[in-house]
Amino acid sequence: MSFLFGGRSSKTFKPKKNIPEGTHQYDLMKHAAATLGSGNLRLAVLLPEGEDLNEWVAVNTVDFFNQINMLYGTITEFCTEESCSIMSAGPKYEYHWADGLTVKKPIKCSAPKYIDYLMTWVQDQLDDETLFPSKIGVPFPKNFLSIAKTILKRLFRVYAHIYHTHFDSIVTLGEEAHLNTSFKHFIYFVQEFVLIDRRELAPLQDYIDKLAGRETR
C-alpha cells in the first residue's frame with residue numbers, strides 16, 4: 001500500500017496512531033480485534049464486562065481514526081481541489097470547517113482541505129494525554145465522552161463524503177467490502193453508546209437502515 005504515501009496523498013494520510021504495548025488499553029484493543037474476528041459486529045461493540053466505558057470508547061475512537069485514515073488514503077488521488085471544491089455528502093449536505101480554537105468562524109473549503117484539517121485536529125486530540133490518557137491510573141477528563149462524540153461526529157463526515165462522492169473509486173480499487181465492514185462497525189458502535197445524534201447521520205440514513213436492517217434505532 002505504498003501508494004498511500006506518494007504525491008499529495010501524504011499530506012492527508014496521517015501516521016497511524018498506536019496504543020502503547022503493556023497498557024490496559026492495548027489489552028482492550030487486542031480484545032476488540034479478537035471479537036471483531038468472530039464476524040459478529042453487534043457483539044464486538046459491546047462494553048466488555050467490568051471495563052471502563054471511557055477506556056472502551058477511547059480505544060475504539062483510535063481504531064476508527066486509523067481505519068478512516070487508511071480508507072481515505074486510498075482515494076486521495078480522486079479527491080482533489082478541482083473534483084471536490086466543497087466538502088459535501090450529497091447535494092443537501094455541505095460542511096464548513098471550524099475547530100473552535102484556531103478557526104472559530106466556520107470556513108468553506110474543499111473536501112481534501114477539510115479532511116486534512118479534520119484528521120490533523122483529531123490526531124492532536126488523540127495525542128493529548130490530558131484528553132486521551134494512555135498511562136494506567138491517569139483519569140479521563142470529566143467531559144471525555146463529549147470530546148469523543150465531537151471526534152466521532154466529524155469522522156462520520158469522512159465516511160459520508162467517501163460514500164456519496166467516491167464510492168465508484170472504492171469499488172474500482174476493490175475496497176468496497178473493507179469500507180462497508182468498517183462503516184458498519186462504526187455505526188453499531190455509535191448506536192450502542194448513543195454517541196452521534198441521529199440528525200448528524202442523515203446523509204447516510206438510508207444506507208444505515210439497509211446495513212443494520214430493523215436493528216437500527
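Me: What makes the pairing of the His166 side chain with the side chain of His161 a polar contact?

Reply: Happy to go through it, with the reminder that this is a predicted model. The two side chains come to 3.1 Å. A polar contact needs a pair of N or O atoms within 3.5 Å, one able to donate a hydrogen and the other to accept it, so the pair of His166 and His161 at 3.1 Å qualifies.

Me: Why is His166 called buried?

Reply: Its relative accessible area is 3%. His166 sits in the loop between α6 (144-165) and α7 (167-172). Beyond its neighbours within four places in sequence, His166 is in contact with Ile75, Phe78, Cys79, Cys84 and His161.

Me: Which residues does UniProt list under "binding site", and what makes them one spot?

Reply: The unreviewed UniProt entry places that feature at Cys79, Cys84, His161 and His166. They span 88 residues in sequence, yet no two of their C-alpha atoms are more than 10.0 Å apart, so they gather at one spot. Do keep in mind that such annotations may be inferred rather than shown by experiment.

Me: Why does Glu51 count as partly exposed?

Reply: Glu51 has 23% relative accessibility. Buried stops under 20% and exposed begins over 50%, so Glu51 falls in between. Glu51 lies in the loop between α3 (41-44) and α4 and touches His24 and Leu28, not counting residues up to four places away in sequence. Leu28 is 23 residues away along the chain, with 8.8 Å between the two C-alpha atoms.

Me: How many cavities of 30 Å³ or more does a search of the whole structure find, and what lines the largest cavity?

Reply: The search finds one, and the largest cavity holds about 90 Å³ of space. Lining it are 13 residues, with Lys17, Gln25, Val62, Phe132 and Ser134 the closest to its centre. α4 gives the most to this lining, three residues. By class, the lining has eight nonpolar, three polar and two charged residues.

Conventions: Residues numbered from 1 in each chain as written. Predicted model: local features only at pLDDT ≥ 70, side-chain atom pairs only at ≥ 80, totals over all residues. Heavy atoms only, no water. Helix = DSSP H or I, 4+ residues; strand = E, 2+ residues; numbered from the N terminus. Buried < 20%, exposed > 50% of the residue type's maximum accessible area, 1.4 Å probe, protein only. Contact = heavy atoms within 4.5 Å. 1 Å grid on protein atoms, 1.4 Å probe; cavity = no way out; pocket = protein on both sides within 12 Å on 5 of 7 lines; lining within 4 Å. Points joined across faces, edges and corners; volume = space filled by probe spheres on them. Nonpolar A, V, L, I, M, F, W, Y, C, P; charged D, E, K, R; others polar.
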